[in-house]
Amino acid sequence: MKLLLKLVITALFLCIYGSYAAGNESGGIRDSLLKVLPSIHTPSDSLRVLLDIFDLSTTKAERVESAEQAYNTAFSARDTSEIIETGLYRVNISQTDTALIKQIRNDLASLEQSPKTREALLYIDFMLSESRMLVNPPSRKEIAALIHEIQTETEADPYEKARKLYIICHTLGNIARGGLYSEYVTQLMSVLKTMQLQFGVIRNLLYTRMAPIYTNNLEPGKAVEADKELLNIIDSLSTSYSMRGRKYRSMNRNRYICYRRLMCNYKALTPAEIEIFNRSIRKLAQTNNEIASDLANNPRIDALYLMANNKYQQAIPLLKKAIAHSGNKLFKYALYSSLFEAAQAVGDKDASLEAATHLNKMLNDIVDSKSEDRYREIKIISEINELQAAESEIYASRHKTELRKTNIIIGISTFALILLSVLIITLWRHNKKMKGMTANLQKSTERLRKERNELRDTRSELIVARDRAQNAEKLKDEFIDNISHEIKVPLNAVSEYTRLIVDCIPDNKNSYLQRFANIVELNTSLVLRLVDDLLEISSLEHDNMSVNVTGTSVYRIAQVAIDSIFETGFSARTQIKVIFNPAQKPDEIINTDGQRVVQVLINLLSNARKFTEKGAITLDYSIDRDAGKITFSVTDTGCGIPEGREEMIFGRFNKLDTSAAGSGIGLYISRLIARLLGGSITIDKSYRRGARFLFVIPV
């Protein structure tokens with residue numbers, strides 16, 4: 001009778017459970033499962049329902065309560081696998097409750113040891129280490145001692161080594177995210193591979209910690225690699241939950257976080273990957289209101305997707321909104337960098353200037369931060385070396401003690417065996433040799449100590465020199481930016497007001513003042529050109545100038561450059577003839593940044609005009625489609641360049657003729673632009689009737 005009643009209750013539970021699961025939303029399903037739970041009498045069936053209740057819980061209080069019930073029920077059911085999993089749920093929910101985490105660790109330690117149990121215990125040890133370090137962070141000396149211990153251990157338990165390496169990695173991730181951090185993360189991953197962990201919680205924890213650090217440290221390649229590994233782990237966990245019947249266990253929130261971070265590192269992704277991740281995000285938003293709300297309120301992903309597809313005009317307003325959003329503080333560098341790139345591409349000078357200003361400040365902060373990180377790493381390495389030196393001194397001290405003992409033994413033996421003269425002589429020689437070795441060892445120790453002190457002094461001097469150089473570079477950039485603004489504003493005002501004064505003068509006096517107004521405007525333009533050149537040098541030297549490659553006519557490039565230098569009627573008023581394409585080669589379409597090419601040709605033509613009094617200035621070109629390059633040549637019949645000084649004219653502010661007009665930076669800028677385009681500028685040394693410049697760029 002009891003068996004029949006039990007079968008009826010179980011069947012009733014399955015019917016009710018199935019109908020609620022199919023017909024209600026998650027909140028209703030959870031309430032229904034809570035009502036059904038008291039009627040279930042076996043721990044195994046109760047555990048299955050409790051796990052579904054946990055998966056459907058939305059608030060922390062609900063998750064804490066359902067995880068505790070599932071954990072206790074798993075013990076009643078003697079299900080080791082579920083005891084471990086529910087125990088880890090409780091650890092993750094209550095990360096700040098150290099007492100609870102220790103209790104769960106003791107519970108799991110009492111179970112039969114297996115690879116899964118050991119992995120769970122290692123994970124809990126990692127979490128306990130984080131809690132301890134949060135309250136009492138280890139000092140540099142403690143980390144140095146731990147690193148030294150890892151280096152000197154020849155054979156150690158891999159679990160214990162992994163615990164020590166995790167403390168090192170977690171600490172370095174907070175104080176010095178440079179090469180030392182990457183080195184010990186690699187060591188930790190190598191140790192974990194030897195342990196053949198299959199549960200996944202350890203790797204999930206590590207990649208979750210690593211990906212944001214690499215993103216904030218401007219290492220997109222490593223960040224993308226970590227997030228891809230994290231997605232693989234999430235997929236494996238989802239498959240595992242599905243196979244076990246956990247139909248309410250959703251990993252969509254975790255996937256969305258990975259996809260969102262991957263889109264912030266879109267420059268390290270292929271176009272196909274960008275499309276896949278974007279579609280995945282949209283698909284998640286269709287089924288998850290929280291994700292859909294985040295996408296609607298925060299335009300960061302939409303803006304970066306447009307940037308990845310070179311839709312700069314559409315991306316600019318979204319980038320500005322994303323920058324202003326309070327949830328994007330950690331991604332402001334990537335957003336400002338994208339805004340600067342988009343503004344440069346569409347010619348939005350205001351947005352470009354705003355982005356450049358913020359980027360400059362953020363880059364300075366990044367440089368300072370990296371310098372501090374490197375300094376901390378150097379301090380840690382120095383303290384490791386000091387520990388090694390201390391061990392050497394201890395070894396030397398022990399060796400001296402052993403030598404003294406040997407001498408005593410020799411003395412006693414000599415006194416006791418005075419009749420054995422041959423043996424006495426032998427021992428005396430041995431003693432003499434050992435003393436010589438001790439003296440040599442002392443000299444070597446002293447020399448090493450002296451070299452260590454010299455290295456320490458040299459390192460300090462290098463750090464000071466580096467800081468001075470960085471400060472000088474920063475001051476130089478700030479000076480150029482500030483002085484250019486301070487010069488351009490009043491000069492523009494002088495030019496405009498001069499023109500306004502002339503326009504307000506009656507016609508009978510206007511022609512008299514027009515000449516002076518032209519002189520003022522000409523000199524204003526010259527000064528403004530010098531300021532623009534200085535700014536351009538700063539952009540080129542810091543790799544802040546972008547290249548816009550489009551199909552461009554060679555004839556149009558040449559005509560714009562010639563018209564910019566030689567006004568109408570120039571040849572008639574001077575003894576100089578301007579010639580373009582004397583062989584009348586047909587026009588060509590080349591793929592390059594036409595604006596930058598025109599700028600270089602203008603500088604070369606201006607230079608030719610400056611040093612040519614009579615004769616001809618010739619602009620010609622030849623294209624080699626097989627080699628994929630075009631060569632522009634600017635030839636003049638001027639004074640030429642003295643032999644051996646051909647490279648000198650490409651230096652910044654270098655002028656062979658100091659009396660000639662100009663600032664001496666036109667050719668310097670031209671060579672920087674040529675290198676930016678992937679080409680070069682050289683002088684044809686075989687041409688001696690003047691000067692010939694060869695400008696080669698890929699097409």
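At 24% relative accessibility, Glu62 counts as partly exposed, a class lying between buried (under 20% relative accessible area) and exposed (over 50%), as computed with a 1.4 Å probe on protein chains only. The structure is a predicted model, in which local features need pLDDT of at least 70 and side-chain atom pairs count only at pLDDT 80 or more, whereas totals for chains, interfaces and linings use all residues. Residues are numbered from 1 along each chain as its sequence is written, and side-chain values use heavy atoms, with hydrogens and water left out.

Glu62 forms a salt bridge with Arg30, their closest N and O atoms being 3.9 Å apart; the term denotes a side-chain nitrogen of Lys or Arg within 4 Å of a carboxyl oxygen of Asp or Glu. Arg30 belongs to helix H2 (residues 26–36) and Glu62 to helix H4 (residues 60–77), so that this pair, 32 residues apart, links distant parts of the chain. Helices (H or I, at least four residues) and strands (E, at least two) are DSSP runs, numbered from the N terminus. Arg30 counts as buried, at 9% relative accessibility. Side chains of opposite charge can pair when their charged atoms come close.

By the rule given above, the count comes to 20 salt bridges. Another of these joins the side chains of Asp294 and Arg260, with an N to O distance of 3.3 Å. Because Asp294 lies in helix H15 (residues 289–297) and Arg260 in helix H13 (residues 252–264), the pair ties together parts that are 34 residues apart in sequence. Asp294 is partly exposed, with a relative accessible area of 22%, while Arg260 is buried, with a value of 18%. A further salt bridge is found between Arg449 and Glu446, whose closest N and O atoms are 2.9 Å apart. These two residues are 3 residues apart in helix H20 (residues 421–504) and are therefore separated by about one helical turn. Arg449 has a relative accessible area of 28% and is partly exposed; Glu446, at 47%, is also partly exposed.

The secondary structure of the protein chain comes to 25 helices and 7 strands. Of the 699 residues in the protein chain, buried residues make up 39%. Contact means heavy atoms within 4.5 Å. Among contacts between residues at least 6 apart in sequence, 65% join residues at least 24 apart.

Two helix pairs illustrate the packing. Helix H6 (residues 98–109) and helix H7 (residues 115–135) pack at an angle of about 160°, and their axes are 10 Å apart. Axes are lines fitted to C-alpha atoms, for helices over the stretch in contact, and angles run from 0 to 180 degrees between N-to-C directions. H6 and H7 are therefore roughly antiparallel to each other; angles under 35 degrees count as roughly parallel, over 145 as roughly antiparallel, 65 to 115 as roughly perpendicular and the rest as oblique. On the H6 side, the residues in contact are Thr98, Ile101, Lys102, Ile104, Arg105, Leu108 and Ala109, which meet Thr117, Ala120, Leu121, Ile124, Asp125, Leu128 and Ser131 in H7. The residues of this contact divide into 8 nonpolar, 3 polar and 3 charged, where Ala, Val, Leu, Ile, Met, Phe, Trp, Tyr, Cys and Pro count as nonpolar, Asp, Glu, Lys and Arg as charged, and the others, Gly among them, as polar.

Helix H16 (residues 300–308) and helix H18 (residues 332–346) pack at an angle of about 40°, with axes 11 Å apart. That angle makes H16 oblique to H18, and the crossing of H16 and H18 is left-handed. Arg300, Leu304 and Met307 in H16 meet Leu335, Ser338, Glu341 and Ala342 in H18. This contact comprises 4 nonpolar, 1 polar and 2 charged residues.

Backbone geometry was also examined in the loops. Most residues other than glycine have a negative phi. Arg78, although not a glycine, has a positive phi of about 55°; Arg78 is placed in the loop between H4 and helix H5 (80–93) and counts as exposed, at 75% relative accessibility. Asn581, likewise not a glycine, has a positive phi of about 55°. Asn581 is found in the loop between strand E2 (576–580) and strand E3 (589–592) and counts as buried, at 1% relative accessibility.

Note on methods: Left-handed = near helix turned anticlockwise from the far one by under 90°.
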